[in-house]
Amino acid sequence: MRSERFAPPALFFRPALLLSCVVAAAGCVDFDDSIFKKLDPSKLEKDAGGSGGLNEAGLSTDAGGNGGKDDGGSNGKDSGDEDAGDTTPRLVDRCDDPSAYRLTTALLSELNEISFTASTVGFGDDINQNACFTDPLPGSEGAMSVDMAAGERWHFHITPKNQVGMGQGKQNPVIYMRNDCSDNRGCNEGSFLDLCGDAQEEHFTFEAPTKGTWHFILDDKNNVQGDYLIRAVKNVCGNGVKEHNEACDTPGVGNCSPDCRLVLNIEGAAPDEPNDDFSASVILGRVEEQGSQTVKGSIGGVCDVDFYAFAVPDKGKVEARILTGSGAKCAALEANVSPTQIELLAPDAKTVLGVGMIGLDETMTDVACPFILQTDTFARNLDAGLYYLRVTGDETKKTFPYQLSIKVAHD
């Protein structure tokens, strides 16, 4: 179920979990360090100057108080910040507008975040969305810029603010990132989100694949203009600050992973909520240790998603099943219970390799909950890496308690 959340990158060392092998009849598998991203600890330095005061807009008045200077220009005040100009948070009509607001670390609070209300009133619908979306986005777009280092992670939380009862248009925000404003086809593939429905919040975590200026675009699936509350958070793992969207901030301590996600090693346990995207996904440690794991969850309600991460060996194959809350096969679901969908995602946490089916399983039993079999083409002969399962439900139906069973083996 959804609540406030999320998480980021780093690798100081490999905890015992990630050094373990899967011991089975097939032998012992040692997983590669490349499963996790490396993070230079020098980029995590905090400036002794503190974070400074906050002005009326909630902006830091001390440019030096949010981290040391780095070569990426986004973990502290850098040469790019000198040209930031107007520091009033806002959106502009087009991302190639030279007066576009630039989101920099110097403007963030002690918790590495900033919140502000921005408007798209008077803006045009300038971007063709054929590159990333199947549905048209007739709403007006607003843009701002973010200078990012490769691997840097930002989380954006968008809340529609129009008053529908007072005649304002109903919003359905859509978020995407662009690194080239001259390309009018829309967003960069894999850097977009349209998960929730009308009048609902969106939560979007973006990890920059390359260093440079990235353009945050707030669009709308409805033909509407209006106000949106934007909460932008820069997540830095291991910097001593547990930011919004971080599950933990002490890598290697307890069950905190090298990239500040929680590792779940208990069979049949329920992961902490929220776990709505790749950066907040719980890592299923017993899958690497023993080749299988069962966890408990629930799906349904407003825009709920559950993400699970697990290690797969080279030439691996995956089996995943949604069971009832008691662990039985779903013979049938009540009419008002949320049906579920389960997807297997690649290590980039974006590419959908395949979707679980509902129907006859390998035992010829008619099953009403989705499953992925090791015989499915998309679930076998996989490269080594950290893969993801994404479970979604129907927000118009009541919550469905479930168990997720995962098995991983050699192909």
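In the predicted model, cysteine 330 and cysteine 369 are joined by a disulfide, with their sulfur atoms 2.0 Å apart. The pair connects distant parts of the chain, 39 residues apart. Cysteine 330 sits in the loop between strand 16 (316-324) and strand 17 (340-345), whereas cysteine 369 belongs to strand 20 (residues 366-372). The S-S torsion of this pair is about -85°, so the disulfide is left-handed. Cysteine 330 has 1% relative accessibility and therefore counts as buried. Cysteine 369, at 0%, is buried as well.

In total, the structure holds three disulfides. One of them links cysteine 237 to cysteine 260, again with 2.0 Å between the sulfur atoms. Its S-S torsion is about 85°, so this disulfide is right-handed. Both cysteine 237 and cysteine 260 lie in the loop between strand 11 (227-235) and strand 12 (263-264), so the bond ties together parts 23 residues apart in sequence. Cysteine 237 and cysteine 260 are both buried.

Cysteine 248 and cysteine 256 form a further disulfide, S to S 2.1 Å. The torsion about this S-S bond is about 90°, so the disulfide is right-handed. Cysteine 248 is buried, as is cysteine 256.

Four cavities of 30 Å³ or more were counted. The largest cavity holds about 80 Å³ of space. It is lined by 11 residues, and Arg94, Cys95, Asp126, Ile127 and Arg178 are the closest to its centre.

How values were computed:
Residues are numbered from 1 along each chain as its sequence is written. This is a predicted model: local features need pLDDT of at least 70, side-chain atom pairs count only at pLDDT 80 or more; totals for chains, interfaces and linings use all residues. Side-chain values use heavy atoms; hydrogens and water are left out. On a 1 Å grid over the protein atoms alone, a cavity is a set of points where a 1.4 Å probe fits but cannot get out, and a pocket is an open set with protein on both sides within 12 Å along at least five of seven lines; lining residues have an atom within 4 Å of a point. Grid points are joined across faces, edges and corners, and a volume is the space filled by probe spheres set on the points. A disulfide is a pair of cysteine sulfur atoms within 2.5 Å. Helices (H or I, at least four residues) and strands (E, at least two) are DSSP runs, numbered from the N terminus. Buried means under 20% relative accessible area, exposed over 50%, partly exposed in between (1.4 Å probe, protein chains only).
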